[in-house]
Amino acid sequence: MDNSGCDPQATRRLSTSEKSMVASAVLAVCRYMETVNGLRHAGGRGRGRREAAIAQALADVCTSSGLSDAPFLLSNAIVAGVLPRDTPRWWMKRRTGGTWRDLDIVDDATDAYFHDKLRMSRAIFGDIFAACSPFIDRRLTHYREPLQTYLIIAFALYRWATGETFENTSSSFGIGRSSGVTVVTDVANAILATYPDKVAMPSGRRLLQVTRAFGAKGFPNCFSAIDCTHMYVDKPANAPSENYFDQKQQFSVVAQVVVDLDMRILDVFMGYPGSVHDQRVLRNSSLFRRAEAGELFVAELVLLPGGVSTTGYLLGDNGYSPRTWMVIPYGGTDQAGDIGLFDTRQKTTRGVVERAFGRLKGMWRLFLRHHKTNMDSLPQQFLAVCIIHNLLLEAGIPFDDSVLLEPDENGNLVRVDLGLQDPPRPVSQSGATDAALALRDGLRVRMMN
């Protein structure tokens, strides 16, 4: 259109009918978004009802009264928050509406907030939600609307991450305590069903990467390192207290964990009371039976000095006895020369287990503190957290070691108790086979060359 000779200001003015059209369009958007926000949580269950309500909202604004009230309704919509606001500037902290409400806000709940509350980014949470949903979807009944799957998974993660009581956690998410107890068990079982192979011994290309990494530390064909940690719990009901009383005079449950140099968890065995020795826990685990049967450590044969060969083994402390698949330090207080060097390097390499426990318990603090728990579901919950631990490692989620430092009674920062307990006495090596001792000697000689 040719605007020559016209007043430049006049060309920017809207006619009355154009203003009405703009107001009608904006009002339609406001009514649409108001309806969508109100029905957003209905999900697939009320899709037909939701579409009908949206269509009605759009039809309403075409009435003459809707047009006449458009400016008034538009201003109210903006003030009431129907229109989504921009993400707050970095110097503005959004007002909290409770843990669940804050996590549920789509427009500006940041990855930092998700990481603080659930130990992961929104994207990873979405992946876990999508994978686990088929196992925990609730069905609609005549009594009440079921809990949202999104809320259920977030609640379990929040419980494991903070270690808060069920009373506090359920209050933050607006659900009942009994529902919270059920939800945590359901989510743990869903994670176990969704990721059955996420905690497993390496094979194929991954095995080659693991053995090469340990080989660079002086331990060729090493699969992983093994150790036990204690989960501190309240005294289990109807159980003899002496069974769960460990050497630190606390009630606990033992968890045996195997990790590689990337802190990836490869095997978990949990459930024995805190008074049970690490060696006994090992002997009663499936790991021991598979290793003794020759089913577990089957890498390509490596020849060592002295005519010794190995297809794979673990690194353990003096709480275990030497075996053809378990290499422990020589021990003693006056080890010098190559024996002392071997013990130092073996202990340093095996230290990856402590770092893995630090990351695992530092992120999922329920397993760092004393807590009341169901002894029947605790092993499943811990294994589920180990699976998530591996998922977050694969995704590159960082961990801040400073959370493992807490002030003592004098205000000095000290490292928190990770539940690592030295064996009350080293396991005697007098009954070790010649082949087991020869494997350690071969590794020591090779390390010196």
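Visitor: Over the ring of which residue does the charged end of Arg 159 sit?

Guide: This is a predicted model, so what follows describes computed positions. A charge counts as sitting over a ring if CZ of Arg is within 6 Å of the ring centre and within 35 degrees of the ring normal. The charged end of Arg 159 is 3.9 Å from the centre of the ring it sits over, and that ring belongs to Phe 166.

Visitor: And over the face of which residue does Arg 440 lie?

Guide: Here too an arginine is placed over an aromatic ring, with a distance of 4.1 Å from the ring centre. The residue whose face Arg 440 lies over is Tyr 330.

Visitor: How many aromatic pairs are there, and is the pair of Tyr 158 and Phe 173 stacked, tilted or edge-to-face?

Guide: The count comes to 12 aromatic pairs. For Tyr 158 and Phe 173 the centres are 5.3 Å apart and the angle between the planes is 55°. Planes under 30 degrees apart count as stacked and those over 60 as edge-to-face, with the rest called tilted, so this pair, at 55°, is tilted.

Visitor: How many residues apart in sequence are the parts that this pair ties together?

Guide: Tyr 158 belongs to helix H8 (residues 149-162), whereas Phe 173 belongs to helix H9 (residues 166-173). Tyr 158 is buried, with 4% relative accessibility, and Phe 173 is buried as well, at 3%.

Visitor: What kind of pair do Phe 367 and Phe 382 form?

Guide: The ring centres of Phe 367 and Phe 382 are 5.6 Å apart, and their planes stand at 70°, so the pair is edge-to-face. Phe 367 lies in the loop between helix H16 (352-363) and helix H17 (378-395), while Phe 382 lies in helix H17, so the pair ties together parts that are 15 residues apart in sequence. Both residues are buried, and the name for the arrangement of their rings is edge-to-face.

Visitor: Which strands stand at the edges of the open sheet of five strands?

Guide: The strands of this open sheet follow the order E3-E2-E1-E6-E7, with mixed pairing. A strand at the edge has a single partner strand, so one side of it is left without a neighbour in the sheet. The strands in that position are E3 (265-273) and E7 (326-327).

Visitor: Within that sheet, which residue in E6 stands opposite Ala 225?

Guide: E1 and strand E6 (residues 313-315) run parallel and are joined by three bridges. Elsewhere in the sheet, strand E2 (residues 252-259) pairs with E3 in the antiparallel sense over seven bridges, and Val 257 stands opposite Val 268 in E3. For Ala 225, the residue opposite in E6 is Leu 315.

Visitor: With the side chain of which residue does the side chain of His 230 make a polar contact?

Guide: His 230 is found in strand E1 (residues 222-232), and its relative accessible area of 4% is under 20%, so it counts as buried. Leaving aside neighbours within four places in sequence, His 230 is in contact with several residues, including Asp 246, Val 254, Lys 361 and Gln 421. The polar contact between side chains has a distance of 2.9 Å, and the partner of His 230 is Ser 252.

Visitor: What is the phi of Asn 221?

Guide: Most residues other than glycine have a negative phi. Asn 221, found in the loop between helix H11 (204-216) and E1, is buried with a relative accessible area of 8%. Its phi is positive although the residue is other than glycine, with a value near 65°.

Technical notes:
Residues numbered from 1 in each chain as written. Predicted model: local features only at pLDDT ≥ 70, side-chain atom pairs only at ≥ 80, totals over all residues. Heavy atoms only, no water. Helix = DSSP H or I, 4+ residues; strand = E, 2+ residues; numbered from the N terminus. Buried < 20%, exposed > 50% of the residue type's maximum accessible area, 1.4 Å probe, protein only. Polar contact = N/O pair within 3.5 Å; in protein donor to acceptor, adjacent residues only side chain to side chain. Contact = heavy atoms within 4.5 Å. Phe/Tyr/Trp six-rings, centres within 6.5 Å; stacked < 30°, edge-to-face > 60°. Pairing = 2+ DSSP bridges.
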